Amino acid sequence: MKSSLVRRGGLLAAVVASVVLAGATPASAAPGDGSAYGVNVDVTLLGQPAVKAGPLAAANTAGPTSNSTATVNLTGILTTGVINTEAKRDDNSGAVTAKASTADVGLPLLKALGNNVGAKAVEAVCTATQAGVTGSTTLVGANLGSAGAVDATPAPNTQVKVAIAGINVATIILNEQISNKDGSLTVNAIHVKLLGGAVGALGSGDVIVSSATCGPAAPPMPLASGAGLWIGLGLLGAIAVPVGTRIFRRRSAQA
């Protein structure tokens, strides 16, 4: 009887331990990832060498999770003030957030639209949770000159054509949202695409200001990690201790 009771107690403890430790097996899905940057430029203007810069002030959930740059000055193309970025993952919920904020954006590249084309602040944000991935763009004090008024929270993939002498030479995409094949979402607050090719073209290439990429979210924290581990071990202890107490009492009675 004594050995049977010991075996039962040991079996019960082993079952609980196996449940707790089963959660320690790595999830089949890769952890959620996120990234952000302030500026990325890759253009070739007519009659000038190619200009490549960025991604500037890049942040990533793998580190650095935040970054900043004081100013950017690409003559004839783009100027900015302070850039702040962050990309973080909550390991408990699996949620991912990324954000890129760029201040005092000037776009001399688009002087065909008028003077002082740009915005006081440009922000791209994305969030990935177990419910899905979402993104948004906020523009403060945006000015596109002759292209017309700009909404402070433009709809996804809002396009503005830039024409010179009736010929389209560029497209401005506001709140560009790209669904990637891996399930992540990229939000580019401002994306200027130079079309090239046409007579009177400015050149070719891309200028992106404030970009954030998120998701998909990682699985929530498994039982055997972090707080879940302590909860599981507490459960094991709560069962194992009474079993041990009963065995000790039986032995005392037999003695």
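This note goes through the predicted model from the whole chain down to single residues.

1. Basis. The model is predicted, with local features taken at pLDDT of at least 70, side-chain atom pairs at pLDDT 80 or more, and totals for chains, interfaces and linings from all residues. Numbering starts from 1 along each chain as its sequence is written, and side-chain values use heavy atoms, without hydrogens or water.

2. Whole chain. The protein chain has two helices and 14 strands (DSSP runs numbered from the N terminus: H or I of at least four residues, E of at least two). Of its 255 residues, 36% are buried (under 20% relative accessible area, 1.4 Å probe, protein chains only; exposed is over 50%, partly exposed in between).

3. Core. The largest nonpolar core holds 47 residues (buried Ala, Val, Leu, Ile, Met, Phe, Trp, Tyr and Cys joined through side-chain atoms within 4.5 Å). I77, L78, L110, I172, V192 and V207 touch the most other members. Strand β13, residues 185–195, contributes the most, with six residues.

4. β1 (34–45) and β2 (50–56) pair antiparallel over five bridges (pairing needs at least two DSSP bridges). V41 is bridged to A53 in β2. Four residues separate the strands of this hairpin, and G47 in the turn has a positive phi of about 75°.

5. N116. This residue sits in the loop between β8 (96–106) and β9 (118–129). N116 is exposed, at 70% relative accessible area. Its C-alpha atom is 7.8 Å from that of G145, 29 residues apart along the chain.
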